Amino acid sequence: MTAGMVHKQYDEGISAFRRLIPDPAVRLAFVKEIDGFMRKTAMGVWAKDGGLGPRHVEYYNAIYCKGSAVPSILYWDLATQVSEYPGFQPPAFFQKLVQLDKLSGKKLSRRFIDTFTLMLLLFAAVDDVVSEKEAAFVNDCADALTALCDGADIPSDKAKLHIRDFVTPGADAPQEPGVPAAAAQGSGVQTAETAAKTDEAPAPSLDELMAQLDELCGLDKVKADVKSLINLVKVRKLREQEGLPVPPMSLHLVFMGNPGTGKTTVARLLAQIYHAIGVLSKGQLIEVDRSGLVAGFVGQTAIKTNEVIQKALGGVLFIDEAYALSNHDSPSDFGQEAIEALLKGMEDHRSDLIVIVAGYTDLMSNFINSNPGLESRFNKYFYFDDYTGDQLMAIFRSMCDKNGYTIDQETGKFCVDAFARLYEERDENFGNARDVRNIFERGIARQADRVAAMEAPGKEDLMALTVADLADEDAEKQEEDAPATEDKPQEDESK
């Protein structure tokens, strides 16, 4: 798993828990302490096995929530702190969570233990292995927090998570140099690679994949471009079968557009479609960003990039925010080394590897033009437009349907107006479908607080999202924007 993926999982998990904390003071304490606490405990996990590498540094620097300070520890500093790890201590905010649960009758502290445990197991798998010693340490940390809940009589209605179920079989056995135990023995922690190998479901047919493409909201131009590209590939293969000449053609792509416009989803479908028509042997998607390709040590970036390329062989390598690899202010930046390794890998494996680079339209144009090798290999561009207000509403309805929530006519009208305004007032921070997902998740969190206060909620109550659940979201957005509006200097009307 790349450091970018670790950061995403960490940020989403911790942010989701933060939104569940109803008390502002407790929530503030949680926000202030959580990143430092999790980074410190990660060092405790790594201290149990010994032996740090570049990935440990990358994982450590990925442990932060959006809006918080981004760590930038170096190897030797991390190694020193790991060797001097003093032992696990429950954080101050957890005591506040326990007291809050005792007063409110909720079980947030118990829920945090589950989130905390899974995060530690994620950090333990930095080397693709969860050892017995690491699992034992995670178990001891969870037990220490559980004891505080038990002492305060916080009820528990869930069976304890069995940490040892996550231990990699044979993790403590010696391995051949350079061969991770997970690769040699099989891993108890399922990664993207092992998931692809263990999934026994039959691969979807081309018709099924095209139907999935058509079901995507909006993206009419992208859908047409994809279908045209598929037709081109099909005809090329038919010409090959008939012994006709086939002019050289690059299948590598540039996806240009703002975040949340479906670039990753389309890339995943393309990987499967290419496999279905025989262009790629496997059809998996390997997603990385700069952190997944660039190392912090001289000479290590090419090795790291080549490892990613090896994982992507037979499928699509999707590089998000690829423009971050090109640092015009520093010609010696390690990103240039990653680009050179990537170009060589594309040449060496041109028959069974497709690379898709993605990012903001302007920045991606600059990135492609920064290197002649990039210009020659990436000559097909797909443009992902922002979703309109109606399309944002359609995405929201789809989320409701898939997750078993309903909205009545009044709520529907409110949402239509809100999404229309969101689109019309969009700026550089507009997140498209990501904004819709955030609104949906905050809405269901408020709905949960509202329904939990009911004496005997029925099925309809459990499913219904109301204006009140979503209006608070709209009000918060306006409050966030209010200070900037109030501080804006008044224009002189006499000019």
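Predicted model: local features only at pLDDT ≥ 70, side-chain atom pairs only at ≥ 80, totals over all residues.

Biologist: In E4, which residue is the bridge partner of Phe318?

Modeller: E3 and E4 pair in the parallel sense over five bridges. Phe318 belongs to the group Val316, Phe318 and Asp320 that points one way from E3. In E4, its bridge partner is Ile356.

Biologist: Which residue in E4 is the bridge partner of Leu253?

Modeller: Strand E1 covers residues 253-257, and Leu253 points one way from E1 together with Phe255 and Gly257. E1 pairs with strand E4 (residues 354-359) in the parallel sense, over four bridges. The bridge partner of Leu253 in E4 is Ile356.

Biologist: In E3, what is the bridge partner of Leu285?

Modeller: Strand E2 (residues 285-288) runs parallel to E3, and four bridges join them. In E3, Leu285 has as its bridge partner Val316.

Biologist: Is strand E3 largely enclosed or open, and why?

Modeller: A residue counts as buried when its relative accessible area is under 20%. On one side of E3 are Val316, Phe318 and Asp320, on the other Leu317 and Ile319, and all are buried. Because five of the five residues of E3 (residues 316-320) are buried, the strand is largely enclosed.

Biologist: How many of the residues of E1 are buried?

Modeller: Leu253, Phe255 and Gly257 point one way from E1, Val254 and Met256 point the other way, and all are buried. Strand E1 is mostly covered, and the count of its buried residues is five of five.

Biologist: Does Lys66 count as buried or exposed?

Modeller: Lys66 is in the loop between helix H3 (54-61) and helix H4 (75-83). On the surface, Lys66 gathers with Lys8, Arg268, Arg434 and Arg437 in a patch of positive charge. The cut-off for exposed is over 50% relative accessible area. Since Lys66 has 74% relative accessibility, Lys66 counts as exposed.

Biologist: What separates the C-alpha atoms of Ser83 and Met43?

Modeller: Ser83 is placed in helix H4. With 59% relative accessibility, Ser83 counts as exposed. Ser83 and Met43 are 40 residues apart along the chain, and the separation of their C-alpha atoms is 8.6 Å.

How values were computed: Residues numbered from 1 in each chain as written. Heavy atoms only, no water. Patch = residues over 30% accessible without salt bridge, like charges linked within 9 Å, V, L, I, M, F, W, Y side chains within 5 Å. Areas by Shrake-Rupley, 256 points an atom, 1.4 Å probe, with all protein chains shown as cover. Salt bridge = Lys/Arg side-chain N within 4 Å of Asp/Glu carboxyl O. Lys, Arg positive; Asp, Glu negative; His and termini not counted. Charge placed at Lys NZ, Arg CZ, Asp CG, Glu CD. Helix = DSSP H or I, 4+ residues; strand = E, 2+ residues; numbered from the N terminus. Buried < 20%, exposed > 50% of the residue type's maximum accessible area, 1.4 Å probe, protein only. Pairing = 2+ DSSP bridges.
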